[in-house]
Amino acid sequence: MPAGDPTGTPRGHDIEVLTIGTELLLGFTIDTNAAYLGQLLSDAGIRIVRRSTIGDEHKEIQSGVASA
């Protein structure tokens, strides 16, 4: 049985959603995919603990993935 919170309630998977795109950071594109994914994951019992958006630069992507 997966580890739960202190009340003994089992917990599902915890994940981070990382989206990549300078257009997302600058507001040129609204990140509707991440919002939709969040709803689907929540419905499946998967808890999103952090959601990050990073730019298209290689070093930013490396850093974002390493952080996640």
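Ile 61 counts as partly exposed, at 25% relative accessibility (buried means under 20% relative accessible area, exposed over 50%, and partly exposed in between, with a 1.4 Å probe and protein chains only). The model is a predicted one, in which local features need pLDDT of at least 70 and side-chain atom pairs count only at pLDDT 80 or more, while totals for chains, interfaces and linings use all residues. Residues are numbered from 1 along each chain as its sequence is written, and side-chain values use heavy atoms, with hydrogens and water left out.

Ile 61 belongs to helix α3, residues 58-67 (helices, H or I of at least four residues, and strands, E of at least two, are DSSP runs numbered from the N terminus). Leaving aside neighbours within four places in sequence, Ile 61 is in contact with Ile 20, Ile 54, Gly 55 and Asp 56 (contact means heavy atoms within 4.5 Å). A separation of 9.6 Å lies between the C-alpha atoms of Ile 61 and Gly 21, which are 40 residues apart along the chain.

Attention now turns to helix α2. Ala 34, Gly 38 and Leu 41 are the buried residues of α2. Viewed down the axis of α2, these buried residues fall within an arc of 75 degrees, so they line one face of the helix (the arc is that of the directions from the helix axis to the C-beta atoms). They pack against β1 (14-20) and β2 (47-54). The other side of α2 carries the exposed residues Thr 32, Asn 33, Tyr 36, Gln 39 and Asp 43. Just after α2, Gly 45 has a positive phi of about 85 degrees.

Thr 19, in strand β1, is buried, with a relative accessible area of 13%. Not counting residues up to four places away in sequence, Thr 19 touches Leu 24, Asp 31, Ala 34, Ser 52, Thr 53 and Ile 54.
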